[in-house]
Amino acid sequence: MGGVTSSMAAKFAFFPPNPPSYKVVTDEFTGLLLLTPFPHRENVEVLKLPTWRDTEIVAIYIRHPMATSTLLYSHGNAADLGQMYELFIELSIHLRVNLMGYDYSGYGQSSGKPSEQNTYADIEAAYKCLEQSYGTKQEDIILYGQSVGSGPTLDLAAQLSRLRAVVLHSPILSGLRVMYPVKRTYWFDIYKNIDKIPLVNCPVLIIHGTSDDVVDCSHGKQLWELCKEKYEPLWLKGGNHCDLEQYPEYIRHLKKFVSTVEKSPSQRYSSRRSTDQFEQSRKSADVLEVSRKSTDRREKPRKSTDRPEKLKNQSNDLDKLEKLRTSFNQLERCRRSVDCHEKSRKSIDHQLE
């Protein structure tokens, strides 16, 4: 069955551009690595990063002077850094983020061969570079996974508890589910995103085209349902697998998401309106129920406060009645005493007579 896994990965998951769309050269004056045929930019660094699986991957780091977040971008299965370069520059500018993109092992000028396990090692090397070389905190990182890139993205996100956010762009439920409508996860499947997304503890944005003919939109929708912390998804009507960046709604929604997750948690939760519209009626009913219960709680102390007052009044009335009864008894005793004296007086008078 191991052959099934490797065969499936080769057929579905990995299509590195051949030949690669770029080369890495060393500037003879500065010693810096450059990506050709692209002009050198002061805010772009080209890197070679070793992985724990003994490969060396190529990565680029784009700085933005106003950035408070860093996007770690894992691209799709048929692209390399040369094809993604201009998009990375545009995303950094429009979203006001630092951005690191990398090529998987066997892609572009990265060494080795593409495999599921290698992609996990590749994204880990990029993440460690952000921490160790640029001092980036986990809390400031947004993981972005496109298509097959959703695999390494969710694998890393499931291990990191303090990430700022995750973006899944045309994601897959798993490798096998792209080809066959299976209902369960098999051990030989690859990129089991369906099992990993419930482990992600940060806000998740999912973007998917409704006319995707490579990875059906149902993959994105099912993953969204399994998210712990859902953000309003973007289902691009008519969007296919590789053209979502061309829709104006794409960058608008992405900017809104980044702006939201960059707020403090208290601000984020108080201002969030996205997911509420999907569960508004249920929440409205809950709010009414809570309000009623809250009113009941407030009413009960008032009634309990009233009760001593009533008891006090009743006690006063009883005291008055008791006093009246006592007075009446005293009068009665006095009357009887007077009668007795009268009888005694008459008896004495009679005897005297």
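Start with helix H4. 8 of its 8 residues are buried, so the rest of the structure largely encloses it. This is a predicted model, so keep that in mind throughout. Ser150, Gly151 and Pro152 are among the buried residues, and so are Leu154 and Leu156. What covers them? The cover includes strands S5 (70-74) and S6 (98-102), along with H3, S7, S8 and helix H6 (193-196).

Step off the end of H4. Arg164 lies in the loop between H4 (150-157) and strand S8 (165-169). Is Arg164 buried or exposed? Its relative accessible area is 14%; the cut-off for buried is under 20%, so Arg164 counts as buried. Its side chain reaches the backbone oxygen of Glu139, at 3.1 Å. Beyond residues up to four places away in sequence, Arg164 touches several others, including Thr68, Ser69, Asp140, Cys202, Pro203 and Glu262.

Now another loop residue. Thr136 sits between helix H3 (116-134) and strand S7 (141-146). Thr136 is buried too, at 10% relative accessibility. Setting aside neighbours within four places, Thr136 contacts Thr70, Leu130, Glu131 and Ile141. Ile141 is also among the residues that Arg164 touches.

Next, the strands. S4 pairs with S3, residues 44-50, in the antiparallel sense, over 7 bridges. The two form a hairpin with 5 residues between them. In that turn, Asp54 has a positive phi of about 65°. S4 also runs antiparallel to S6, joined by 4 bridges. Look at Ala59 in S4. Leu47 stands opposite Ala59, and in S6 the bridge partner of Ala59 is Tyr102.

On to the rings. There are 11 aromatic pairs. In one of them, the rings of Tyr61 and Tyr134 have centres 3.8 Å apart and planes at 15°, so that pair is stacked. The partners come from distant parts of the chain: Tyr61 is in strand S4, Tyr134 in helix H3, and 73 residues separate them. Tyr61 is buried, at 3% relative accessible area. Tyr134 is buried at 18%.

Tyr120 and Tyr191 make an edge-to-face pair, 5.9 Å centre to centre, with 80° between the planes. Tyr120 lies in H3 and Tyr191 in the loop between helix H5 (175-179) and H6, so the pair ties together parts 71 residues apart in sequence. Tyr120 is buried at 9%, and Tyr191 is buried at 0%. Ring pairs also bring in Phe14, giving a cluster of Phe14, Tyr120 and Tyr191.

Two lysines sit over tryptophan rings. The charged end of Lys221 is over the ring of Trp235, 5.8 Å from its centre. Lys230 lies over the face of Trp224, 5.6 Å from the ring centre.

Last, confidence. The chain has a mean pLDDT of 82, and 71% of its residues reach 70 or more. Over residues 281-315, pLDDT is below 50, and that stretch has 1 contact beyond near neighbours in sequence. Residues 326-353 stay under 50 as well. How many contacts does the model give residues 326-353 beyond four places in sequence? The count is 0.

Note on methods: Residues are numbered from 1 along each chain as its sequence is written. Side-chain values use heavy atoms; hydrogens and water are left out. Buried means under 20% relative accessible area, exposed over 50%, partly exposed in between (1.4 Å probe, protein chains only). A polar contact is a pair of N or O atoms within 3.5 Å; within protein, one must be able to donate a hydrogen and the other to accept it, and residues adjacent in sequence count only if both atoms are side-chain atoms. Contact means heavy atoms within 4.5 Å. Two strands pair if DSSP finds at least two bridges between them. pLDDT is the predictor's confidence in each residue, from 0 to 100. Rings of Phe, Tyr and Trp (its six-membered ring) pair if their centres lie within 6.5 Å; planes under 30 degrees apart count as stacked, over 60 as edge-to-face and the rest as tilted. A charge sits over a ring if NZ of Lys or CZ of Arg is within 6 Å of the ring centre and within 35 degrees of the ring normal.
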